[in-house]
Amino acid sequence: MANASGFFTHPSIPNLRSRIHVPIRVSGSGFCVSSRFSKWVLCSSVSSIDKHASSSPSEYQRPRLVPSGCKLIGCGSAVPSLLISNDDLAKIVDTNDEWIATRTGIRNRRVVSGKDSLVGLAVEAATKALEMAEVVPEDIDLVLMCTSTPDDLFGAAPQIQKALGCTKNPLAYDITAACSGFVLGLVSAACHIRGGGFKNVLVIGADSLSRFVDWTDRGTCILFGDAAGAVVVQACDIEDDGLFSFDVHSDGDGRRHLNASIKESQIDGESSSNGSVFGDFPPKQSSYSCIQMNGKEVFRFAVKCVPQSIESALQKAGLPASAIDWLLLHQANQRIIDSVATRLHFPPERVISNLANYGNTSAASIPLALDEAVRSGKVKPGHTIATSGFGAGLTWGSAIVRWR
């Protein structure tokens, strides 16, 4: 079981930390380290104890210390086949290509249709990531599905695990943090590897926000598209560690600026009461509203908080901005990307953006852009990336990572 420090102990060893005399602290990056063994994890499973030793707490052997780095070793992405251009949108709302492109930087977006499903896109992206990483599904220890729009209310990760053919039944669960989801998935993967002994973790960012867009509202329908992206995060020796630091935050007060709230059915008659014959019980059937967004407030939030978060992550990593090869932000709006890059003094040629082709794909945007940059040869092994996700919640988070 895990104690407060994040280290794992066996129930039969109640005083493990006190017997080892290694001072423990939580580092600025959020990872648990000791002052003597930076970024090392304490392993104390039954296998690390002499099977022939006495069960007395006073006679056990000291558990071994093993390194716990982690790195990104593979990526993949997938998008629906249906392409919707700005000119297409101009046929259903009062807008035009120039108006949209000038204000957002978006020209096209992909939208699920027909037999498309979010799970299908996620599986396709994950399969490509596993192939690049040369990892077979049987060796996956954990599947993290970062999404706010699962095909099933109870989550999509187990469905992905099954479709990939992960025969050892690894843990699979969803992370709901909207456009910040993928960055939080990276952080979660690192924590599972560093503190839980996991070796291969599949992190997927996938969303289908088109299903929650009011296609008569030109203020929001022009922004969003559907996609999936994935990376494989693998345990490694400490000298090869590739996730240097992170910085994560939430502010529930900002919910009023960006949300898709649950609402009761507005259908009249018996069906609206869900069978109720008295009072307010049983509850009425519910669904989610379309995305509600105050664009100006979200813009102010992003251009203020994102640079601060990246600077904090850089400080925790002990790196100057000049050490960063690429700036990779959540692809929300080109004006936001440009403003953040300017504040951080990143030249345009070091900023990754594919927003024009896909729009805002929420949790998928960062891994989708990363995958295209890697496969095109722009991002190369050894390159260091400052990445940041931000959005509904409000939530935002940054990570400093090295590719492979």
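The entries below go from ground rules to rings, then a helix, a strand and a loop residue.

**Ground rules.** I'm working on a predicted model, where local features need pLDDT of at least 70, side-chain atom pairs count only at pLDDT 80 or more, and totals for chains, interfaces and linings use all residues. Residues are numbered from 1 along each chain as its sequence is written, and side-chain values use heavy atoms, with hydrogens and water left out.

**Rings.** I looked for Phe, Tyr and Trp rings (six-membered ring for Trp) with centres within 6.5 Å; planes under 30 degrees apart are stacked, over 60 edge-to-face, the rest tilted. That gave me 1 aromatic pair. The partners are Phe 301 and Trp 396, edge-to-face, with 5.4 Å between centres and 70° between planes. Phe 301 belongs to helix 8 (residues 295-317) and Trp 396 to strand 20 (residues 395-402), so the pair ties together parts 95 residues apart in sequence. For helices (H or I, at least four residues) and strands (E, at least two) I take DSSP runs, numbered from the N terminus. Both Phe 301 and Trp 396 are buried, meaning under 20% relative accessible area, against over 50% for exposed and partly exposed in between (1.4 Å probe, protein chains only).

**Helix 3.** Which residues of helix 3 (residues 97-104) are buried? I get Ile 100, Ala 101 and Thr 104. They span an arc of only 95° around the axis, which puts them on the same side of helix 3; the arc is taken from the directions from the helix axis to the C-beta atoms. Their packing partners are helix 2 (86-89), strand 7 (108-111), helix 9 (334-343) and helix 10 (355-358), with contact meaning heavy atoms within 4.5 Å. Just after helix 3, I noted a positive phi of about 85° at Gly 105.

**Strand 17.** I checked both faces of strand 17 (residues 326-329): Trp 326 and Leu 328 on one side, Leu 327 and Leu 329 on the other, all buried. Strand 17 runs parallel to strand 19 (residues 384-391), joined by 4 bridges; pairing takes at least two DSSP bridges between the strands. Trp 326 has Ile 385 as its bridge partner in strand 19. Strand 18 (residues 351-352) is also parallel to strand 17, with 2 bridges, and there Leu 327 partners Val 351.

**Thr 361.** I found Thr 361 in the loop between helix 10 and helix 11 (365-375). Its relative accessible area is 1%, so Thr 361 is buried. Leaving out residues up to four places away in sequence, Thr 361 touches Asp 207, Gly 225, Asp 226, Ala 227, Gln 331 and Leu 368.
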